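User: Got a model up on screen and I'd like to talk through a few spots in it. Can you take my questions one by one?

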Amino acid sequence: MKSIMRFVNWSLGLASSTVEFYAACVECGEASPVVHSAGERQVSEVWALQHAGANPSHRSFRAYQVSAWSATPDDTVGDPPTS
Ligand SMILES: [Zn+2]
């Protein structure tokens, strides 16, 4: 069996326009509710402050902004790698 191989260019783009915003406590991993617009981002900020108030030793948080990406081959043939 023979196969034909070629070098294909790929592009990366958003798979969905939906973005998730949330925060998580570094100490215990508990996470804020997920919101889907930058305007609602303060929901996770308020959650972090309330979480710190309820758990005084939990003072570090990570803020996440998550989007889905998709890799798609286009129909152009690229140059083969040189190395
Ligand atoms: Zn915590």
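User: Is C28 buried, partly exposed or exposed?

Analyst: Keep in mind that this is a predicted model. Buried needs under 20% relative accessible area and exposed needs over 50%. C28 comes out at 42% relative accessibility, so the label is partly exposed.

User: And C25, buried or exposed?

Analyst: The cut-off for buried is under 20% relative accessible area. C25 has a relative accessibility of 4%, so C25 counts as buried.

User: Which residues coordinate the zinc ion?

Analyst: The donor atoms sit at 2.1 to 2.4 Å from the zinc ion. Along the sequence, the donor residues follow the spacing C-x2-C-x22-H-x6-H. SG atoms come from the cysteines, while the histidines give NE2 and ND1 respectively, and the residues are C25, C28, H51 and H58.

User: What arrangement do the four donor atoms make around the zinc ion?

Analyst: Four donors count as tetrahedral if all angles lie between 85 and 135 degrees. Here the angles subtended by the donors are 106 to 115°, so the arrangement is tetrahedral.

User: How many disulfides does the structure hold?

Analyst: A disulfide would take a pair of cysteine sulfur atoms within 2.5 Å. The count for this structure is zero.

User: How far apart in space are D75 and N9, C-alpha to C-alpha?

Analyst: D75 belongs to strand β2, residues 61-77, and counts as exposed at 73% relative accessibility. In sequence, D75 and N9 are 66 residues apart. In space, their C-alpha to C-alpha distance is 7.4 Å.

Conventions. Residues are numbered from 1 along each chain as its sequence is written. This is a predicted model: local features need pLDDT of at least 70, side-chain atom pairs count only at pLDDT 80 or more; totals for chains, interfaces and linings use all residues. Side-chain values use heavy atoms; hydrogens and water are left out. Donors are N, O and S atoms within 2.8 Å of the metal (3.2 Å for Na, K and Ca); water is not among the atoms, so sites may look incomplete. Four donors count as tetrahedral if all angles lie between 85 and 135 degrees; four count as square planar and six as octahedral if opposite donors are over 155 degrees apart and all others between 65 and 115; anything else is irregular. Buried means under 20% relative accessible area, exposed over 50%, partly exposed in between (1.4 Å probe, protein chains only). Helices (H or I, at least four residues) and strands (E, at least two) are DSSP runs, numbered from the N terminus.
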